[in-house]
Amino acid sequence: MRLLGYAEVFRPEESSVSHTLYKNLIGGHMVASHTGKTFLNINPANSDDVIGEFQASGAKDIDDAVAAAAEAYKTWRLVPAPKRAEILYRCGELLAERKESYAREMTREMGKVLSETRGDVQEAIDTAYYMAGEGRRLFGQTTPSELKSKFAMSVRMPVGVVGMIAPWNFPMAIPSWKLFPALVCGNTCVIKPAEDTPLSTYNLVECLTEAGLPPGVVNIVTGFGPDAGAPLVAHPGVRAISFTGSSEVGRIVGQTAAANFKPCSLEMGGKNAMIVLEDANLDLAIEGALWGAFGTTGQRCTATSRIILHKKIAAEFTKKLVARVDALKVGDGLDEHTQMGPQVNQQQIETSIRYCEIAQKEGAKLLTGGSVLEDGSYDKGHFFAPTVFGGVKPKMRIAQEEVFGPVVSLIEVESFEEALEAANGIQYGLSTALYSKDVNKAFQAMRDLEAGITYINAPTIGAEVHLPFGGVKQTGNGHREGGTGALDFYTTWKAVYVDYSDTLQRAQIDNAD
Ligand code: ADP
């Protein structure tokens with residue numbers, strides 16, 4: 001059932017061609033960009049399928065959206081948090097009702113298989129319910145004052161207008177990680193979705209609007225990074241920035257934010273290792289490797305991109321893994337039998353090609369894959385064969401740099417200690433996994449792997465929304481999405497002192513003796 005408000009706000013205008021024209025959502029209205037330019041959102045599995053036409057926005061559109069968000073902030077911050085939370089809860093229910101159709105649209109715009117896009121919408125549903133619960137918590141502290149007849153507490157305050165820049169690999173889940181905690185905390189938002197996957201953000205905000213979110217509380221401005229993303233980061237009216245994307249762009253975003261002393265949450269790359277020891281359940285580890293390396297076509301920041309194998313099981317693991325990879329069914333994600341979809345765009349395909357060349361030049365052995373799939377049903381999409389490299393050494397570029405494609409490297413080691421050293425010997429620190437039945441080694445791995453996430457007997461992907469998500473080293477700048485870490489980013493602490501003594505009491509002076 002479509003709720004009140006949908007038709008006015010979200011009915012996109014039919015353009016002269018056969019696809020739908022989407023405008024920016026600013027202050028509750030759909031408005032065309034000042035630039036007069038648009039871009040097409042095209043299915044990566046089938047270039048004949050145009051999902052829609054979106055605004056290629058610029059700085060003036062960002063100005064308008066920030067002004068709308070600033071206006072809405074005046075009243076939204078005063079709505080009691082439990083009431084804000086009820087809107088999130090209703091939004092979660094609407095998302096659940098529309099899960100299948102949103103998942104199909106997401107597969108069309110992003111490429112990943114339907115079971116995964118259903119999971120992506122589910123993640124937004126889970127985040128809605130979880131953050132709705134926070135509306136009745138948002139705990140601060142009360143604490144004794146050092147002075148008589150004086151009360152002390154700390155309370156969470158919203159930050160103000162928050163700018164959000166999202167990537168394309170989790171088209172609804174990642175916007176939900178950003179929007180829902182920001183909203184329950186009382187902030188208003190301007191979000192710039194990735195240029196490859198804007199529709200899923202519209203679908204998410206459609207549910208928020210129908211759930212009762214007032215106009216201007218969330219504004220969507222679509223467009224390209226340097227044109228629409230950069231002015232959002234630099235805008236003086238934006239009080240905090242949440243960015244998920246490449247380390248290269250994250251560095252630019254972080255530097256701009258730092259120059260304005262603006263809080264900035266960066267969630268970036270990974271080069272995630274799975275360690276398989278000699279006592280591991282090998283079949284389980286192979287299942288985990290397939291899912292971790294080729295789920296989302298390897299385009300996850302948590303993708304398993306290095307598998308570190310103890311030499312005693314390396315040959316058997318490699319043989320079995322390659323056989324399973326060869327049997328993977330690659331194709332259009334809308335086909336329920338497909339196990340791995342296309343890459344999101346041609347640029348990602350070119351990155352995969354480049355790294356396969358680099359790996360071979362470095363002396364790694366191509367065990368399977370390594371090429372673009374172009375024949376027959378693949379001719380209208382961006383398909384790359386699932387690829388495994390053997391004989392990889394920890395310092396090779398293929399073992400150090402993020403590919404963000406269906407390419408995994410196998411590294412052989414002689415001991416657990418050597419495995420830990422190889423796992424940690426990279427610039428990133430997002431996710432890690434250990435396959436072993438030895439409880440002592442499991443706890444040692446949990447302690448010693450330098451990463452924001454460690455899985456035991458499970459692959460490097462599969463985060464749950466109520467735990468902190470993020471990493472160390474060049475993966476991030478210390479913030480966390482998910483869990484209560486998100487609340488820490490979207491609120492600022494205020495210390496409140498209430499002196500009911502009716503006298504001047506000076507801290508550290510009048511009570512010094
Ligand atoms: P990916 O390689 O996954 O596309 P990017 O870091 O290039 O990752 O993009 C992630 C998001 O950052 C996208 O929404 C993109 O439009 C945006 N972006 C790209 N360049 C900039 C920039 N200079 N300033 C702000 N945002 C940007």
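1. On a 1 Å grid laid over the protein atoms alone, a cavity is a set of points where a 1.4 Å probe fits but cannot get out, while a pocket is an open set with protein on both sides within 12 Å along at least five of seven lines, and lining residues are those with an atom within 4 Å of a point. Grid points are joined across faces, edges and corners, and a volume is the space filled by probe spheres set on the points. With these terms, the structure holds 3 cavities of 30 Å³ or more.

2. The model is a predicted one, in which local features need pLDDT of at least 70 and side-chain atom pairs count only at pLDDT 80 or more, whereas totals for chains, interfaces and linings use all residues. Residues are numbered from 1 along each chain as its sequence is written, and side-chain values use heavy atoms, with hydrogens and water left out.

3. An unreviewed UniProt entry carries the annotation "domain: Aldehyde dehydrogenase" over residues 33-496; UniProt positions are given in the numbering used here, feature names are shortened, and annotations may be inferred rather than shown by experiment. Over residues 33-496 the model is 41% helix and 21% strand, and the end C-alpha atoms of this span lie 43 Å apart. Helices (H or I, at least four residues) and strands (E, at least two) are DSSP runs, numbered from the N terminus.

4. The domain assignment of the chain gives domain 1 (6-10 + 26-268 + 476-494) and domain 2 (272-456), with bounds that come from an automatic or database assignment. The centres of domain 1 and domain 2, taken over C-alpha atoms, are separated by 31 Å. To the contact between them, domain 1 brings 23 residues and domain 2 brings 27 residues, where contact means heavy atoms within 4.5 Å.

5. The second largest pocket holds about 630 Å³ of space. Its lining has 33 residues, and those nearest the centre of the pocket are Glu116, Phe170, Trp291, Arg300 and Ile461. Helix H5 (114-134), helix H6 (173-184) and helix H10 (282-294) are the elements that give two or more residues to this lining, and H5 gives the most, with 8 residues. Domain 1 and domain 2 each supply at least three residues to the lining of the second largest pocket. By residue class, this lining divides into 14 nonpolar, 10 polar and 9 charged; here Ala, Val, Leu, Ile, Met, Phe, Trp, Tyr, Cys and Pro count as nonpolar, Asp, Glu, Lys and Arg as charged, and the others, Gly among them, as polar.

6. The lining of the largest cavity divides into 5 nonpolar, 6 polar and 2 charged residues.

7. For the second largest cavity, the volume is about 50 Å³. Of its 14 lining residues, Ala423, Ile426, Ser431, Thr432 and Glu450 are the closest to the centre. Strand S14 (272-276), helix H13 (416-424), strand S21 (428-429) and strand S22 (431-435) are the elements that give two or more residues to the lining of the second largest cavity, which divides into 6 nonpolar, 5 polar and 3 charged residues.

8. The unreviewed UniProt entry places the feature "active site" at Glu267, a residue found in strand S13 (residues 264-267). Glu267 is buried, with a relative accessible area of 3%, where buried means under 20% relative accessible area, exposed over 50%, and partly exposed in between (1.4 Å probe, protein chains only). Leaving aside residues up to four places away in sequence, Glu267 touches Phe243, Thr244, Gly245, Cys301, Leu430, Phe469, Gly470, Thr475 and Glu481.

9. Ala285 is found in helix H10 and counts as buried, at 0% relative accessibility. Beyond residues up to four places away in sequence, Ala285 touches Met274, Val276, Phe317 and Tyr435. Ala285 and Phe317 are 32 residues apart in sequence and 8.5 Å apart in space, C-alpha to C-alpha.

10. Two backbone angles deserve a look. Phe261, although not a glycine, has a positive phi of about 55 degrees; this residue lies in the loop between helix H9 (247-259) and S13 and counts as exposed, at 77% relative accessibility. Asn457, also not a glycine, has a positive phi of about 55 degrees; Asn457 lies in the loop between strand S23 (453-456) and strand S24 (472-473) and counts as partly exposed, at 32% relative accessibility.
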